[in-house]
Amino acid sequence: LGFSRLLREDYGARIDEKGRHFLDRIEQAGRTMESLIHDLLELSRIGRTEAAKSLIDPRIVLAPLYAEFKPRLDKEGASLELPQSPPMLMCNRTRLYQLFSNLVGNALDHMGVVAHPLIRVEVSSLQDSHQITVSDNGKGIDPAQHDRIFEIFQSAGRRKDGRRGTGIGLAIVKKIAETHGGRAWVESRPDQGASFHLTLPSL
């Protein structure tokens, strides 16, 4: 990426259209590899050492997350609904941010073309655990793919921009849930949106 940037800056005036196309391809591949390495490192870190857990108000994590996604939400005309009075969660703060970030980002990437895109985050209390649900009103997922998409290097398909993701985001979500003593799953059907769920023990 560094050398391609230098090539563009120092020799851009001498590079023809075909050469610029090659540079674009190099930079796109470089960014994809950069994302892949970053996600693989994150996946390898989860569970390797015991992450400190504490009671966290999800709103403390969701507020900066909303600010991070707002430019993209505005650009795509999408709405993100957050819980108003969620229960406290026993979780590592960094991992909780990763959970929400990956699930909201996954919805934006794969919900497809929708007239009024809507992503809803819910946190509810169960008997001995808490459940996080991130749902959307997008194109949905074939039930045959429900288990596969949580595996590493698997994806729900191309993003709206035509690119493929690293196929690690949902694997990270599943691993975080499992290392906290919970689980992750999806409920979805084609053209009926998707709801990603995960549980975290309450103690």
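Guide: Strand S6 (residues 184-188) and strand S7 pair in the antiparallel sense over five bridges, where two strands count as paired if DSSP finds at least two bridges between them. The model is a predicted one, in which local features need pLDDT of at least 70 and side-chain atom pairs count only at pLDDT 80 or more, while totals for chains, interfaces and linings use all residues. Residues are numbered from 1 along each chain as its sequence is written, and side-chain values use heavy atoms, with hydrogens and water left out. Strands (E, at least two residues) and helices (H or I, at least four) are DSSP runs, numbered from the N terminus.

Within this pairing, Val186 has Phe196 of S7 as its bridge partner, and Ser188 stands opposite Ala194 in S7. The two strands form a hairpin with five residues between them, and there Asp191 takes a positive phi near 65 degrees.

Strand S7 itself covers residues 194-201, and six of its eight residues are buried, buried meaning a relative accessible area under 20%, exposed over 50%, and partly exposed in between, with a 1.4 Å probe and protein chains only. Strand S6 is likewise mostly covered, with four of its five residues buried. In a regular strand, the side chains alternate between the two faces of the sheet.

S7 also pairs with strand S5 (residues 129-136), to which eight bridges join it in an antiparallel arrangement.

With a relative accessible area of 61%, Ala144 is exposed. Between the C-alpha atoms of Ala144 and Val104 the distance is 22 Å, with 40 residues separating them in sequence.

Helix H5 (residues 169-179) in turn packs against helix H2 (residues 17-45): their axes come within 10 Å and cross at roughly 10 degrees, an axis being a line fitted to the C-alpha atoms over the stretch in contact, with angles between N-to-C directions running from 0 to 180 degrees. H2 is therefore roughly parallel to H5, given that angles under 35 degrees count as roughly parallel, over 145 as roughly antiparallel, 65 to 115 as roughly perpendicular and the rest as oblique. The crossing of H2 and H5 is left-handed, which is to say that the near helix is turned anticlockwise from the far one by less than a right angle, clockwise being right-handed. From H2, the residues Asp39, Glu42, Leu43 and Ser44 meet Ala171, Ile172 and Lys175 of H5, contact meaning heavy atoms within 4.5 Å. The residues of this contact divide into three nonpolar, one polar and three charged, where Ala, Val, Leu, Ile, Met, Phe, Trp, Tyr, Cys and Pro count as nonpolar, Asp, Glu, Lys and Arg as charged, and the others, Gly among them, as polar.

H2 has a further contact, with helix H1 (residues 2-11): the axes of H1 and H2 come within 9 Å and cross at roughly 155 degrees, so these helices are roughly antiparallel to each other. The crossing of H1 and H2 is left-handed, and the contact is made by Ser4, Arg5, Leu7 and Arg8 of H1 with Arg20, Leu23, Asp24, Ile26 and Glu27 of H2. By class, this contact of H1 with H2 has three nonpolar, one polar and five charged residues.

To set these parts in the whole, the protein has five helices and seven strands, which run α-α-β-α-β-β-α-β-β-α-β-β from the N terminus on. Along its principal axes, the C-alpha trace spans about 65 × 40 × 35 Å, and 41% of the 203 residues count as buried. Among the contacts with a separation of 6 or more, 69% come from residues 24 or more positions apart.
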